Amino acid sequence: MGRSLVKAALSHGDIVTAVGRTQESTMKQMERWHERCLGLLCDVRVRKTVDAVIQTTIREKGKVDIIVNCTGYGIIGSCEDQDEATLRSQFETNFLGTLNIIQLSLPYFRSVSAGRYLIFSSTSGALGVPGLGPYCATKYAVEGLIESMLYEVDTFGIKATLVQPGHVRLNEPELWESHDTAANTQLAGSKTKPDGKSRFVQDTNPAVPVSATRFASLPIDSQPLPRYGHFLIANPSPPYAGPNAPAGHAQRIVQWLNDRQPVSAVKSAELVWQLGHCKYPPLRLLLGNYAVECVRDRLRSIIEELRQIEDWKHLSFPVAVEDEMKDDAPDEQMELDEQNEEN
């Protein structure tokens, strides 16, 4: 998704900083994109590398208008089966990585009274998915972070949008390795537009742990976890290993889809580019029918929850002071009547 967005921005004449992850890409790979593309490396979990990308972009390109964060990965497995290391790694990458980007770039955006964030979230940030509990938790955290931040920075002219893609397929060659001649020729032939076009700081790869990112180059018997897209699949413990176990729902979905994901990365990248240049961006952009249906089902479930809240609200709402006084009044009157009778 990140690579598709970089290509889309370059094809429109934008000046781009493409950011690869330090543990998989090299500077030689990042430097061969395009004359208007600055290639850098970063690990979003390490604040100094994030700050270096931002400062280098400002120094080399003059300014930053839009920051896009595609960083993220998840472990498919039950909540019980995921150990502390994988839990922390997902939160450090998906949530703290996003927070690092925001905290280190906000001072610049405030200084110019402008700026825009396009933060890739997930439909898993809108509803819980069995088998993706910790991953969902990181995306819920990102959603809450961005919503809260928008209230704080709106007065500075800073905007942000949460992008929630459905199942996205990779339908373009890996330019890092393949040197696709036609695609590179098309990018090289695009005309540079006048200065003032938006600069993208684009994270093109999810920053995932070394043990996870390098598994593809290891012998089969040494690979720690199988990988589907940006998900790694953990081996389930016996209680969750049944063929119809709810905890295996996410794994069954990704394996069934395989390379048949319904959402195009190339078309989605074009939509996200348009989003980055619209004057009044929405809070959320949903990509694909799957994402729309997921969020719609979640909203329907919230309506059902509201009905349950109405059924149980007598336990939640305190009794008003006026009502308490009305309830106490008959008792006080009875006491006065009894005292009068005794007198």
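This is a dialogue on how to read some features of a predicted model.

Me: How many helices and strands does the chain have?
Reply: The model is predicted, and its secondary structure comes to twelve helices and twelve strands.

Me: What share of the residues counts as buried?
Reply: Of the 343 residues in the chain, 45% count as buried. The chain exposes about 18,500 Å², and carbon and sulfur atoms supply 55% of that area.

Me: What do contacts say about how the chain folds back on itself?
Reply: One looks at how far apart in sequence the touching residues are. Among contacts in this chain with a separation of 6 or more, 72% are between residues 24 or more positions apart. Leu 232 lies in strand S10, residues 231-233, and counts as buried because its relative accessibility is 4%.

Me: How does one read a helix, for example H3?
Reply: Begin with its length. H3 covers residues 47-61, which is 15 residues, and reaches 21 Å from its first C-alpha to its last, close to the 21 Å expected at 1.5 Å a residue.

Me: Which residues of H3 are buried?
Reply: Thr 49, Val 50, Val 53, Ile 54, Thr 56 and Thr 57 are buried in H3. They sit on the same side of the helix, because they cover an arc of only 165° around its axis. The face turned away from that buried side carries Lys 48 and Arg 59, which are exposed.

Me: How does one read a strand, such as S3?
Reply: Look at each face in turn. In S3, residues 66-69, both faces are covered. Ile 66 and Val 68 are buried on one side, and Ile 67 and Asn 69 are buried on the other.

Me: Which strand is joined to S3, and is the pair parallel or antiparallel?
Reply: Four bridges join S3 to S5, residues 115-120, and the two strands run parallel. Within S5, Tyr 117 is the bridge partner of Ile 67.

Me: What about S1 and S2?
Reply: These strands also have their bridges: six join S1, residues 15-21, to S2, and the pair runs parallel. Arg 21 stands opposite Cys 42 in S2. Strand S2, residues 37-42, is mostly covered, with five of its six residues buried.

Me: What does a positive phi tell a reader?
Reply: Most residues other than glycine have a negative phi. Ser 113 has a positive phi, near 55°, and is a residue other than glycine. Ser 113 is found in the loop between helix H4 (84-112) and S5.

Me: How many disulfides does the structure hold?
Reply: The structure holds zero disulfides. A disulfide needs two cysteine sulfur atoms within 2.5 Å. For Cys 79, the closest cysteine sulfur is in Cys 136, at 8.5 Å, so the two are too far apart for a bond.

Me: Is Cys 79 buried or exposed?
Reply: Cys 79 counts as exposed, because its relative accessibility is 56%. Cys 278, at 26% relative accessibility, counts as partly exposed. The cut-off for exposed is over 50%, and buried means under 20%.

Technical notes. Residues are numbered from 1 along each chain as its sequence is written. This is a predicted model: local features need pLDDT of at least 70, side-chain atom pairs count only at pLDDT 80 or more; totals for chains, interfaces and linings use all residues. Side-chain values use heavy atoms; hydrogens and water are left out. Buried means under 20% relative accessible area, exposed over 50%, partly exposed in between (1.4 Å probe, protein chains only). The expected span of a helix is 1.5 Å times one less than its number of residues. The arc is that of the directions from the helix axis to the C-beta atoms. Two strands pair if DSSP finds at least two bridges between them. Contact means heavy atoms within 4.5 Å. Accessible areas come from the Shrake-Rupley method with a 1.4 Å probe; for residues, only the protein chains shown count as cover.
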